[in-house]
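Subject: Structure handover and notes

Hello,

Here is the structure you asked about, handed over with its sequence. My notes on it follow below.

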Amino acid sequence: MGIFDRFRKKKNAGRSYRRGADPNVIASTTGDLSAIFGNNEGVSETTAVRIATVFRCADIVSSSVAGLGMNVLRRKTVEADGESYQLFSVEEKHPLQYLLSEKPNDVLTAFDFMKNAVLNVLLRGNAYILPVYDRGEVKKLLLLQSDRVTYDVLTNTYAVNDDYNHIHGEYYADEIIHLRNFSLDGGYTGSSTIAYAGKVLQIGMKTDELQIDSFKPGSTTRGFISGDNTVTQGFGQLQDDQLEAVSERVERELGSGKRIFQLPGVMRFNQLALSPADLQLLDSKKFNVLEICRFFGVHPDKVFAQTSTNYKASENSQTVYMTDTLAPLLIKIENEFKVKLIPQSVAADYKIKFNLEDYYQSDVLAEADYFTKMVQAGGMTPNEVRLRKGRKPLPGGNKLFVSCNVAPADSAKINGDKQTEASRGQNAE
């Protein structure tokens, strides 16, 4: 048995488990918070992602997290100049490293696995991951169907009835990796972002429906039928019935896309200009984009709202996105994976961390500035930079370089210059 052996086994792995309406059981929240936030009728994860901004925000956040990649780090002791130092480096041969960075199970790659886990957190409120063990080692990480998992507060257990993964049973809390979204029940379970944004999403859905309706044949033409004042001064009951019939016929012909139609000589069609609601349609769509971005914590630039006017503002939005949106989510995932996958007895010697350097790999200027400063400060050798970029090391590239603009305060150069200046002052006197 390895150091990652689980000391507590599955509570009940054999029998199929279905829990009834127990008040102590908290089910996964998939978007129904109507009692708190009002009626969110018609808004679910499947309908919400049909809104372009929701789809883009969820895709950006999940892809950003999945693209970083997870590593297992182990504490190691190294020596330099007679001194011993402690550092954490990637444990390439650890079984967890392959699962977290390459292929967690038989179906998903590491990228798809983490992307779908984050999507479950954002759109369904919770993501449940079951580690599968064999002889003390983790062999698989299964992403469970979030709507097939319930949590019991009193027994601190999870009831799983997942037909997709063929998992049925009751598990202790330390056997399930549980990633939660924003929570209102004390942190036991999370609620989906679309549940909180239900009202805004309803407006977005209605706006899209109105936009579709406005492009239907005949929808761009509105008006009313009236009598010709030069012929008659009004309509009686018989004429009103005829007027109604003509109006219905005109509406049908406009709806069918017909552009030319006939009206009786005593009637005429009066076209109306666009209503204020039509004129506000575009402004409503802009408002919805900003509101949805606020809920997901994504800068409007990332959903192509084009709010920034210069490169510096766009660069700052990238930094804010990392510090305010991604960083807390990454820490949450790292802590949950470490607590559930690494035993407490060796927790001080291991870490599970995302590789944040990959976040800036697409920003060539920021990456170049980072490597330049690391080489100038003696933090990296030129060959280390080349290896990081997948290039062949060069002779002489293993030397460390430092900038000559600074020196230790007690160095001979600094003290020698001071003494020289003092002697020059004495001679001048």
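Which residues form one aromatic cluster? They are Tyr 128, Tyr 151, Tyr 158 and Tyr 188. Please keep in mind throughout that this is a predicted model.

Overall picture

The protein chain contains 14 helices and 12 strands. It has 429 residues, of which 35% count as buried. Among contacts in the chain with a separation of 6 or more, 64% are between residues 24 or more positions apart.

Aromatic rings

A pair of aromatic rings is described by the distance of the centres and the angle of the planes. Searching the whole structure gives 4 aromatic pairs. One of them is Tyr 151 with Tyr 158, a tilted pair with 4.9 Å centre to centre and 45° between the planes. Tyr 151 has a relative accessibility of 5%, so Tyr 151 counts as buried. Tyr 158 is buried too, because its relative accessible area is 1%.

Phe 182 and Tyr 196 make an edge-to-face pair, with 5.5 Å centre to centre and 90° between the planes. Phe 182 is in the loop between strand E9 (177-180) and helix H6 (193-196), while Tyr 196 is in helix H6, so this pair ties together parts that are 14 residues apart in sequence.

Lys 302 lies over the face of Tyr 321, 4.6 Å from the ring centre. Lys 351 lies over the face of Phe 88, and there the value is 4.4 Å from the ring centre.

Nonpolar cores

In soluble globular proteins, nonpolar side chains tend to be buried together. The largest nonpolar core here has 52 residues. Those that touch the most other members are Val 65, Met 114, Leu 141, Leu 179, Phe 296, Ile 333 and Phe 337. What does Phe 296 contact, leaving aside its neighbours within four places in sequence? The list is Val 54, Cys 57, Val 61, Leu 122, Leu 123, Thr 193, Ile 194 and Thr 325. Another core lies apart from the largest one and has 12 residues, including Val 160, Ile 167, Tyr 171 and Ile 176.

A sheet and its helix

Strands of a sheet pair through backbone hydrogen bonds, either parallel or antiparallel. In this model, 3 strands form an open sheet in the order E5-E4-E9, with antiparallel pairing. E5 and E9 are the edge strands, each pairing on one side only. Direction ignored, neighbouring strands of this sheet are turned by 20° against each other on average. E4 and E9 run antiparallel and are joined by 4 bridges. Ala 127 has Leu 179 in E9 as its bridge partner, and Leu 179 is also one of the core residues that touch the most other members. Helix H5 (residues 110-124) packs on the sheet and touches E4, E5 and E9. The direction of helix H5 makes about 145° with that of E4.

Positive phi values

Two residues other than glycine are worth a look for their backbone angles. Arg 135 has a phi near 55°, a positive value. Arg 135 lies in the loop between strand E4 (126-134) and strand E5 (137-143), and is exposed, with a relative accessible area of 74%. His 166 has a positive phi as well, near 60°. His 166 is placed in the loop between strand E7 (157-162) and strand E8 (167-172), and counts as exposed at 66% relative accessibility.

Val 385

Where is Val 385 found? Val 385 is in helix H13 (residues 382-388). Its relative accessibility is 16%; the cut-off for buried is under 20%, so Val 385 counts as buried. Not counting residues up to four places away in sequence, Val 385 touches Phe 371, Val 375 and Met 380. Val 385 and Phe 371 are 14 residues apart along the chain, and their C-alpha atoms are separated by 6.8 Å.

Regards

Conventions
Residues are numbered from 1 along each chain as its sequence is written. This is a predicted model: local features need pLDDT of at least 70, side-chain atom pairs count only at pLDDT 80 or more; totals for chains, interfaces and linings use all residues. Side-chain values use heavy atoms; hydrogens and water are left out. Rings of Phe, Tyr and Trp (its six-membered ring) pair if their centres lie within 6.5 Å; planes under 30 degrees apart count as stacked, over 60 as edge-to-face and the rest as tilted. Buried means under 20% relative accessible area, exposed over 50%, partly exposed in between (1.4 Å probe, protein chains only). A charge sits over a ring if NZ of Lys or CZ of Arg is within 6 Å of the ring centre and within 35 degrees of the ring normal. A nonpolar core is a set of buried Ala, Val, Leu, Ile, Met, Phe, Trp, Tyr and Cys residues joined through side-chain atoms within 4.5 Å. Contact means heavy atoms within 4.5 Å. Two strands pair if DSSP finds at least two bridges between them. Axes are lines fitted to C-alpha atoms, for helices over the stretch in contact, and angles run from 0 to 180 degrees between N-to-C directions.
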